[in-house]
Each structure stands twice: as C-alpha cells, then as structure tokens.
Amino acid sequence: MASDLEFDFATLFYSKVCEMNIDWNVKGLIANADTVYAIGNDSKLLGRIFEIVSAPVIKAIADEYGYIVKTPDKQNTYPDFTLMRSEDDPQKIAIDIKTTYKQGNRKLNFTLGSFTSFMRNNTKNIQYPYSTYANHYVIGFIYERNLEAEEGSIVTYNDLDSLAIPYLNVDYFVRKKKDINGQKKGSGNTDNMSSIICTNVNEFKTFTGPFSNLPKKLYLHYWRNYSKNTESPKVYIDLDSYFNWLESSLDNINLPEVTIEQHRDLLSYKQAFLDWKSSYNSVVDESETVISTTI
C-alpha cells in the first residue's frame with residue numbers, strides 16, 4: 001500500500017485511463033444479449049455515462065492504494081465518489097464528475113456545486129460530513145454533441161455500427177476543485193459556484209483560479225458568507241468587493257473582537273489575490289456572462 005504522500009489522484013487517473021485503454025465512446029444500452037437502445041445526446045444522461053465509465057478507473061486506483069470507494073446513498077448527494085480508508089477516516093477524498101458541451105466559439109465553464117448546502121451545514125446533501133474531506137477533485141469532461149444521434153433507436157448487437165455516437169471529440173481534465181473555482185456564482189437563479197472560464201481543455205488543465213494561492217480558511221469564509229441569489233443587496237460579488245468588505249468591517253464597533261481579528265487575518269491575503277489577478281485577468285475573464293451547460 002502506497003502512502004498518502006504518494007497519492008496524486010489527478011496524475012494517477014490520467015495514467016490509469018491509458019493503462020486500462022478506456023474508451024469514452026458509448027453508443028447505447030444493452031437490454032439483453034441482442035438488443036441495444038440508442039441513448040441520444042441528452043446532457044444529463046451523458047453526464048451519467050461519463051460517471052459510469054470513470055467508475056472502474058477510480059476503483060482500480062482505490063484498490064491499488066488501499067482505499068474504499070463509496071458512492072452516494074441518495075440522489076443529489078455530494079460527491080459522486082468518496083475515497084477513504086474507513087468511514088471514520090478524517091482525510092477522505094471527494095471526486096465529482098462534471099460535464100459540459102462545446103457551443104461554437106463560446107467559452108466554457110462548469111458549475112461546481114452549491115455554496116449554501118454542505119459548505120455551511122456540515123452534513124447537508126453530502127455523503128459524509130464536509131469536515132472529514134481533505135481533498136476535493138473534479139473530473140471535467142468536454143465534448144461536442146452529435147445532433148445526428150437520435151434517442152429511441154433499437155438495433156441488434158450485430159448492427160451496433162449503425163448507431164451514431166451521441167457525442168464527439170471527448171476531452172477531460174482532473175483538477176482540485178479549489179484550483180479551478182471561480183469567484184462568482186454560476187449563471188441563472190441558482191446558488192452554485194462557477195469554475196473559471198476557459199476556451200479549451202488544456203486551459204482547464206493548466207490555468208489556476210483566484211483561490212489557488214489562497215488558504216482554505218479564506219475560501220470557506222468567502223463562500224459561507226457569499227450572498228444567496230435571493231438576497232439583496234449583496235454583501236460582495238467577487239474577491240475585490242470581498243476584501244473591501246473585510247477592510248470596512250475593521251472599524252465596525254458592533255462586531256466582536258474575535259471577528260475583527262479573523263477579518264484582519266483574512267485581509268492579509270489580499271496581495272496574493274492581486275498578484276493572481278495581474279497575472280491571469282487577461283486569460284481567465286470572469287466578468288463576462290457565459291451560458292453554463294454543465295451537469
């Protein structure tokens with residue numbers, strides 16, 4: 001059994017996919033020995049397909065490194081996969097599958113889960129308490145929809161070649177969630193976090209988001225106090241206004257001293273954010289509106 005220090009899930013996943021010769025292309029569902037149902041290009045179904053095909057890779061990694069794999073007991077529960085030594089393991093690893101499809105030259109982003117559930121309530125909509133997870137990974141799939149693929153076709157297994165693959169040109173990346181987390185919520189009237197905005201999979205593999213060089217305590221404080229969609233006015237909407245909010249709170253005589261000290265500590269990381277902003281503002285532009293197509 002390898003030590004935790006040797007466990008780099010992203011590197012291991014890339015390697016294991018090659019080793020197992022994984023084929024991401026799924027045409028249909030086999031009902032019996034001689035019947036195949038076409039699956040079409042519904043984005044929710046395709047997200048589940050990528051999750052199913054990823055599962056044996058994750059299990060192989062877990063078996064090799066002495067982890068147990070746990071999938072959710074209920075729907076809409078985070079994460080898709082939990083790696084752990086035991087249920088009492090305080091260093092669990094969360095792995096979530098995210099998908100989106102290309103739409104012309106439109107830039108890409110992913111929704112990364114709610115900031116009003118388990119990040120604020122330690123046990124809400126999550127398999128194990130949030131505090132027991134040490135790392136959170138995203139496996140992100142980007143594909144093109146094949147509009148010629150139609151759901152509802154039935155063929156025999158021998159005629160499988162007649163079915164069109166419902167998606168084309170699959171790319172994927174594996175990153176720690178915090179490293180690609182954007183500073184704004186996803187589009188629409190939801191309370192979901194958004195990823196950074198990129199143009200292709202290589203950018204998702206290499207670009208770092210605004211929280212990448214900031215401590216976990218700031219990341220959690222930011223999202224635990226981020227205004228919900230229904231709240232108005234907003235306390236802040238991005239890290240610039242967040243640091244302004246922290247600074248203004250230092251003179252608030254109604255705040256407890258312990259809160260002021262916490263805010264003063266978090267404010268000390270402002271320069272690290274400004275350094276990121278000066279380096280990445282031209283390539284990770286979170287100011288524009290992107291229509292999210294993620295699952």
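This is a predicted model: local features need pLDDT of at least 70, side-chain atom pairs count only at pLDDT 80 or more; totals for chains, interfaces and linings use all residues.
User: OK, and which residues of H7 are buried?

Analyst: Helix H7 runs over residues 257-267, and its buried residues are Ile260, His263, Leu266 and Leu267. They cover an arc of only 125° around the axis, which puts them on the same side of H7.

User: What covers those buried residues of H7?

Analyst: The cover includes three helices: H5 (216-225), H6 (239-249) and H8 (270-280).

User: Nice. Now the largest nonpolar core: how many residues does it have, and which have the most contacts inside it?

Analyst: That core has 40 residues, and the ones with the most contacts inside it are Met119, Trp223, Leu239 and Tyr242. At least two residues each come from strand E7 (133-145), helix H4 (201-206), H5, H6, H7 and H8. H5 gives the largest share, five residues.

User: And where does this core lie relative to domain 1 and domain 2?

Analyst: Domain 1 (9-211) and domain 2 (236-294) both give residues to this core, so it lies between them.

User: You listed Tyr242 there. What is Tyr242 in contact with, leaving aside neighbours within four places in sequence?

Analyst: Tyr242 is in contact with Leu218, His221, Tyr222, Tyr236 and Leu266. Leu266 is also one of the buried residues of H7.

User: How many residues are in the second core?

Analyst: The second core is separate and has 34 residues, including Phe9, Phe50, Ile61 and Tyr67.

User: Switching to strands: in what sense do E1 and E2 pair?

Analyst: Strand E1 (residues 28-32) and strand E2 (residues 35-38) pair in the antiparallel sense, over four bridges. Two residues make up the hairpin that joins E1 to E2. Within this pair, Ile30 is opposite Val36 of E2.

User: What is the bridge partner of Val36 in E8?

Analyst: In E8, Val36 has Val155 as its bridge partner. E2 and strand E8 (residues 154-155) also pair in the antiparallel sense, over two bridges.

User: Last topic, cysteines. How many disulfides does the count come to?

Analyst: The count comes to zero disulfides.

User: Is Cys18 buried or exposed? And Cys198, buried or exposed?

Analyst: Cys18 counts as exposed because its relative accessibility is 63%, over the 50% cut-off. Cys198 counts as buried because its relative accessibility is 0%, under the 20% cut-off.

Methods. Residues are numbered from 1 along each chain as its sequence is written. Side-chain values use heavy atoms; hydrogens and water are left out. A disulfide is a pair of cysteine sulfur atoms within 2.5 Å. Buried means under 20% relative accessible area, exposed over 50%, partly exposed in between (1.4 Å probe, protein chains only). Two strands pair if DSSP finds at least two bridges between them. The arc is that of the directions from the helix axis to the C-beta atoms. Contact means heavy atoms within 4.5 Å. A nonpolar core is a set of buried Ala, Val, Leu, Ile, Met, Phe, Trp, Tyr and Cys residues joined through side-chain atoms within 4.5 Å. Domain bounds come from an automatic or database domain assignment.
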